[in-house]
Amino acid sequence: MKQRILNHVSILVVLSVLLTFIAASVVMYGKFNTYMKEGIRDEAEYVRNGIEEMGEEYLSTKLDSLTATRITLIDPQGNVLFDSLADAQELENHSDRTEFQEAVADGYGEEVRFSETLSKQTFYYALRLENGNILRMARSTDSVFLTLMSSFTLLGALMVIILILEFFLVQKQTKELIAPINELDLEHPLRNVCYEELRPLLVRLDQQNRQIVSQVEELKEAEAMRREFSANVSHELKTPLMSISGYAELMMNGMVRPEDVPDFSGRIYHEASRLTNLVSDIIQLSRLDEKKSDMPFEMVDIYELAEDIVAHLTHAAEKKRIALTLMGKPVAIRGVRHVLYEMFFNLADNAVRYTYEGGNVGIYVGVKEGRPFYCVQDNGIGIPKNEQSRIFERFYRVDKSHSRQTGGTGLGLSIVKHGAALHHAKINLESEPGKGTKMELVF
């Protein structure tokens, strides 16, 4: 960065000095030429007055070595009568000179002629006298190019001095410029914005820091959930496996009376069924976690699914003398049929499991404010306020002892949560301990 600033400043300094010098030289040279021409014109008037008063002898007697201007007197035919710098007889005829012709015709004439060999220019000014002769004044000056070239030594020395000063100043200023940047707090970049030009960059850096912090927190939470899930899965799988293994070992060793074999077989079947349901729920949850895009979305009548669920749970409800009812009308939504069934079934199954004997469970399907919904309402045990935010966690049960008296795998509501996310549905929960629970899915 320092080198780039130094390079850019050096280029700007060189260009600025060079262009300023050229512009100033051209302007000053133009001014000098203007004053020089005006001086020659005035001088020509003085000489003309002297000649007209004193005659041509004025040129040789009065002006000898008094002026650096070349004076030439020419007759109307172009012959040189007098020249202050050369022998008049040796000079050629000047009738073809532009300034002579203009003076003959208009009374005065002027011209600038350049000598590329000498890099000089000569200004000629001619006046017609009363006797018809032509008075010509001439003065030579360096060309603008030669004037510039003659000043390049001074310009070079000046530029070297400026570049040396610029080097030290850029070093100092760059150091002072970079110091606040090096002292930026990258963890909190917006606390002290040293330059407003850096604010967009620092805002993006702050946003990235927040995203990184958020991602780290999410990773920590995900890791904690993974560890908890692994521990819960191990615990949930271990219990039925130990029960199955224990009952089977007793039967294998003949330690079960013949009349108790059906009871032990029933327990093994019950634990195996629990194990099967648990594995099935874990697989279903894993698929929902992956959010596969190849899931078969189709138009599904959720009232039809509700009818199947009621038919499936009727026996369990009758065993507890629970009144299980379905109300509503056919409503079709676009979704994954088996995921919707799992979601609806888990809500209804939980309601039946956690409702007291002789209670009521109602399932409602319809459209509310233009949006399809599925609702399950019971008058069961209810959920305390401080537990409601956690009931969708995997293996979380309101009963802290993880009692399995009611059955279930502890993954039902987690499947409901992931299924709702897959279908962009909203879950509404209303519950009060001892009065019941109302859960609603709005699509």
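**Exercise 1.** Determine which elements of the protein chain have the lowest and the highest mean pLDDT.

*Solution.* Step 1: pLDDT is the predictor's confidence in each residue, from 0 to 100. Step 2: elements are DSSP runs numbered from the N terminus, helices being H or I with at least four residues and strands E with at least two. Step 4: for the protein chain the mean is 80, with 83% of residues at 70 or more.

This is a predicted model, in which local features need pLDDT of at least 70 and side-chain atom pairs count only at pLDDT 80 or more, while totals for chains, interfaces and linings use all residues. Residues are numbered from 1 along each chain as its sequence is written, and side-chain values use heavy atoms, leaving out hydrogens and water.

**Exercise 2.** Describe the order and the pairing of the 5 strands in the open sheet.

*Solution.* Step 1: two strands pair if DSSP finds at least two bridges between them. Step 2: the order is 7-9-10-12-11, with mixed pairing. Step 3: strand 7 (323-328) and strand 11 (426-432) are at the edges with a single partner strand each, so one side of each lacks a neighbour in the sheet. Step 4: strands 7 and 9 are parallel, with 6 bridges, and Ala 323 lies opposite Asn 360 in strand 9. Step 5: strands 9 and 10 run antiparallel, joined by 8 bridges; they form a hairpin with 2 residues between them, and Glu 369 in its turn has a positive phi of about 55°. Step 6: strand 10 (residues 371-378) is joined to strand 12 (residues 436-442) by 6 bridges in the antiparallel sense, and Gln 377 faces Lys 438 of strand 12.

**Exercise 3.** Characterise the packing of helix 8 against helix 9.

*Solution.* Step 1: axes are lines fitted to C-alpha atoms, for helices over the stretch in contact, and angles run from 0 to 180 degrees between N-to-C directions. Step 2: helix 8 (residues 302-319) and helix 9 (residues 337-353) make an angle of about 40°, and their axes are 10 Å apart. Step 3: helix 8 is therefore oblique to helix 9, since angles under 35 degrees count as roughly parallel, over 145 as roughly antiparallel, 65 to 115 as roughly perpendicular and the rest as oblique. Step 4: the contact (heavy atoms within 4.5 Å) includes Leu 305 and Ile 309 of helix 8 and Phe 344 and Phe 345 of helix 9.
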